[in-house]
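User: Hi! I am new to reading protein structures, and I would like to go through one with you. Could you show me how to read its features step by step?

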Amino acid sequence: MTALKALIHRYQLASLLVLTVLLAVVLPLTLDIFRLNLVGKYLTYAFVAIGLVMVWGYGGVLSLGQGVFFGLGGYAMAMFLKLEASDPVTTKIQSTPGIPDFMDWNQLTALPAFWVPFKSLPFTLLAVIAVPTLLAWIVSFAMFKRRVGGVYFAIITQAVALIVTVLIIGQQGYTGGVNGMTDLKTLAGWDTRTDSAKYILYYLCVALLVGSIVLCRWIQTGKAGTLLLAMRDKEDRVRFSGYDVANFRVFTFCLAAALSGIGGALFSLQVGFMSPSFVGIVPSIEMVIYAAVGGRMSLVGAVYGTLLVNTGKTFFSESFPDLWLFLMAAMFIGVTMAFPMGLAGLWESQVVPRWQQWRTRRAPVTVAADIRGQQA
Amino acid sequence: MSNTDFALAVEDLTVSFDGFKAIDALTLYIDKNELRVIIGPNGAGKTTLLDLICGKTRASSGSIKFKNTELTRMAEFQRVRLGIGRKFQTPSIYENLSVFQNLEVSYPKGRSVFGALGFKCDDEVRARVQVVAQDIHLADKLDTEAGLLSHGQKQWLEIGMLLMQDPELLLLDEPIAGMSPREREMTAELLQRICQNRAVIVIEHDMDFVKQIAHKVTVMHQGKILAEGSMDKVQSDPKVIDVYLGH
């Protein structure tokens, strides 16, 4: 019983359970499929947000280019879906049937070589994780081994986001350009636009998100997590305790990239398109705001932050489209100044102590026994 | 370069910062099981010397050999893994972690990324933490957040973190700075105990403390060695009196 309690405490299972019930039971029961699909879309950003909790909150390295990895995962998935949607029969009016429509519009007459492997689903699923991880490895290895960090790293990731966006928009014939890849319909013959498919994809998204949180929590509570915190505060001490600091940073950055890639792929599946507007600097910074609002030290908090900011965005941008950006900027500044640890920090500092006070007043004896039990 | 039986052999070591030679053709040998104290006026290059040995600063020329392995081109973490431990001048500990975690993180297992992911804090680790915590007088403070310790206890904790690694060469930069007389005494006793199986280099200003612990004293001045020998011999050296002790 105490072992179970320790496990629950260590993995913060209570808060994770509440989140899971909210996402898997409460929301599907209360929202129609259109709204639920929107929530599913928001949850794909939450993958990026929990990656940021690892890299920024725990690792102390701010990345302003996470949209790149979200986009790479999303594009990898979208390429597979687009190829499937471009069979010779549906595209027979094109001058070259059987290739994606945007290639035809750009006078391409054959499928480019790097597109060919994306005809295979297993390859695509691998690429969803491997491509973002590989790019993250290259960027972070080059930077962290040279001990570039802090603001400089943030600027470089921002530059990467800009470069990748320009590349995608410029290479219209290969990427669909500024419109992105649209009209994604089926996954291995399965129509992803039906309501039942949307439910299934939503649940897949929730399951993968909860799994990712558990994975990250496992890393946080182990030695690697302790080392990340140690590195954030006293980098030299860790180095002179015999650790290659750069390797740990590279690992965390790659982990966040892989999670972002999974989020991106789920986005393409649920929303049915992928475009450069999810890759560039602005979406990347928005994703940082999700983590900041939720609390950059809390995985579960980051999910709530993502949901809250995006719900706000949807409601406000429907009624005051011009005001929304200012509001979001104000929210970011407000959060960092007033409660730097975000919603999760507020919960820890305001709600939890009051709850404990209330419990102590109600039943001092049992609580005292409880505390003694925890200490033993 | 010579092949020696010393724990540490520093030969002809030079480092210059924009032409200023902080360490100037310095040669120094440390025996196994020796406790060497380095003294000298401010700016003599004492801390720079430790920085060079542990890799925080790169040498311009010369050689540093530890157990006959050339160190000068090695990364910091590799030097640590060879058995060199460095304590910094201001206590460098993880303030947000508990004393236990501070010591646990310093345990020399699971040092690679995947090693750390698979690392389990087993009984062996816990026992080692216990032993070291006893040594540094913090056994009853294992659950305390390290940031809440007194200045002297932080100094001990950092020494303890090095002891976890069981290094063969310990570099201590002013280990008693900011300690009360009682804490100084306990530290002196601690240093004498821990230099049993290893070489220790200590930088210190407090002459009474130096007298208490040193096997041999090296006096540095302007990046060079001014004198070397027993405390008595060094103290009576006119050159030393001139630049340092006399003032």
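Predicted model: local features only at pLDDT ≥ 70, side-chain atom pairs only at ≥ 80, totals over all residues.

User: Leaving aside neighbours within four places in sequence, which residues is A:W324 in contact with?

Analyst: Once its neighbours within four places in sequence are set aside, A:W324 is in contact with A:K313, A:F316 and A:S317. A:W324 itself belongs to helix α15 of chain A, residues 324–338. Sequence and space can also be set side by side: A:G312 is twelve residues away from A:W324 in sequence, and their C-alpha atoms are 8.7 Å apart.

User: How do I read whether A:W324 is buried, exposed or partly exposed?

Analyst: You count the C-beta atoms around the residue; a residue is buried if 20 or more others lie within 10 Å, and exposed if 12 or fewer do. A:W324 has 17 other C-beta atoms within 10 Å, so this residue is partly exposed.

User: Now the whole chain. How does the radius of gyration of chain A agree with that of a compact globule?

Analyst: The idea is to set the chain beside a globule with the same number of residues. For 376 residues, a compact globule would have a radius of gyration near 21 Å, and chain A has 22 Å, which agrees. Along the principal axes, the C-alpha atoms of chain A fill a box of roughly 80 × 50 × 45 Å. Of its 376 residues, 41% count as buried. Among contacts in chain A with a separation of 6 or more, 78% are between residues 24 or more positions apart.

User: What does the secondary structure of chain A come to?

Analyst: Chain A has 17 helices and two strands.

User: Let us turn to sheets. What is the order of the open sheet of six strands in chain B?

Analyst: First the general idea: strands of a sheet pair through backbone hydrogen bonds, either parallel or antiparallel. Here the order is β6-β7-β8-β3-β9-β10 (chain B), and the pairing is mixed. At the edges stand β6 (84–87) and β10 (224–229) of chain B, each with a single partner strand, so one side of each has no neighbour in the sheet. On average, neighbouring strands of this sheet are turned by 15° against each other, direction ignored.

User: Which way do β7(B) and β8(B) run, and how many bridges join them?

Analyst: Strand β7 (residues 169–173) of chain B and β8(B) run parallel, joined by five bridges. One pair to look for is B:D173, whose bridge partner in β8(B) is B:I203. Between β7(B) and β8(B), the chain crosses through helix α7 (residues 181–194) of chain B, and this β-α-β crossover is right-handed. Strand β3 (residues 35–39) of chain B also runs parallel to β8(B), with four bridges; there B:L35 has B:V200 as its bridge partner.

User: Why is β8(B) largely enclosed by the rest of the structure?

Analyst: Five of the five residues of strand β8 (residues 199–203) of chain B are buried, so the strand is largely enclosed. Look at the directions too: B:A199, B:I201 and B:I203 point one way, B:V200 and B:V202 point the other way, and all are buried.

User: What is the order of the open sheet of four strands, and what is its pairing?

Analyst: That order is β2-β1-β4-β5 (chain B), with antiparallel pairing. Its edges are β2 (20–30) and β5 (69–70) of chain B, each with a single partner strand, so one side of each is left without a neighbour in the sheet. Helix α1(B) packs on the sheet and touches β1 (8–17), β2 and β4 of chain B; its direction makes about 70° with that of β2(B).

User: How many of the nine residues of α1(B) are buried?

Analyst: Nine of the nine residues of helix α1 (residues 46–54) of chain B are buried, so the helix is largely enclosed by the rest of the structure. Just after α1(B), B:G55 takes a positive phi of about 100°.

Note on methods. Residues numbered from 1 in each chain as written. Chains lettered and ligands numbered in written order. Pairing = 2+ DSSP bridges. Right-handed = clockwise from strand over helix to strand, strands pointing away. Contact = placed C-beta atoms within 7 Å. Axes fitted to C-alpha atoms, helices over the stretch in contact; angles between N-to-C directions. Rg over C-alpha atoms; globule rule 2.2 N^0.38 Å.
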